[in-house]
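Welcome, and please have your viewer ready.

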Amino acid sequence: MSDASQQHGHRAPQIIEPSAQADACVIWLHGLGADGSDFVPVVPALGLPENHGVRFVFPHAQELAVTVNGGMRMPAWYDILEMNLGRRVDEVQLRESAAYVHALIEEQIAQGIASEHIILAGFSQGGAVVYEAALSCERPLGGLLALSTYFATSATIAPSAANQGLAISVHHGTHDDIVPLALGEAGAESARALGHPLEWQTWPMAHAVCLEEIEAIGEWFKARLLA
């Protein structure tokens, strides 16, 4: 188990190493009820060149009691208290998860990856965590990818000057019945209001990812990490 995972009480992440020497990293958080293996199959579909040096780190959330699911315990980055457009969440737990992501970033830096070559990515609940983790991080990062998610801490975040102009790419399904499109749009607007250059893309799908979206993400990774 990695030191960061041990210290924060998580299982060691699933890691996909590149065939070449790793000189960049994507830390990718899954959604509620899933685990780190959820997005592993996406990596080959990104269309990255064979000799790329991007390491993919897929952390696992701890099991928590989730209020909106009747208190059932499941893999979760934080508790969701209300399923409405306000989407009230346990911000203490969310920030604990963000602190874990910060520890994973420090591990990658210790392994020789420049922080500017690290992208944080997250789907749904994981996206809410990486909004917080990236924009509050004291290390300058390479980008933020927010998928089918919302900016849960937009009103309370303490933004870091190190990532004041961080590039953000947001993707959302137009038929998302779990995280409504309006909630994703509100998060993107909050990030823009903080001064971030932001790309917004929608896809004709529900709460999921599609092949065309994955290919677009691959192009964004190439531009951010391989250019």
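Before the first selection, a definition: buried means under 20% relative accessible area, exposed over 50%, and partly exposed in between, using a 1.4 Å probe and protein chains only. This is a predicted model, in which local features need pLDDT of at least 70, side-chain atom pairs count only at pLDDT 80 or more, and totals for chains, interfaces and linings use all residues. Residues are numbered from 1 along each chain as its sequence is written, and side-chain values use heavy atoms, with hydrogens and water left out.

Select S148 to begin. Is S148 buried or exposed? With a relative accessibility of 0%, S148 counts as buried. You will find S148 in the loop between β7 (143-147) and β8 (168-173); strands are DSSP runs of E, at least two residues, and helices are runs of H or I, at least four, numbered from the N terminus. Check the backbone too: phi of S148 is positive, near 50°.

Next, pick S124, in the loop between β6 (118-123) and α4 (125-136). Its phi is near 55°, a positive value in a residue other than glycine. Most residues other than glycine have a negative phi. S124 is buried, at 8% relative accessible area.

Finally, go to E82, in the loop between β5 (72-75) and α3 (91-110). E82 is partly exposed because its relative accessibility is 30%. Leaving out residues up to four places away in sequence, E82 touches V68, R87 and R88, where contact means heavy atoms within 4.5 Å. Show side chains here: those of E82 and R88 make a polar contact at 3.2 Å. Such a contact is a pair of N or O atoms within 3.5 Å; within protein, one must be able to donate a hydrogen and the other to accept it, and residues adjacent in sequence count only if both atoms are side-chain atoms.
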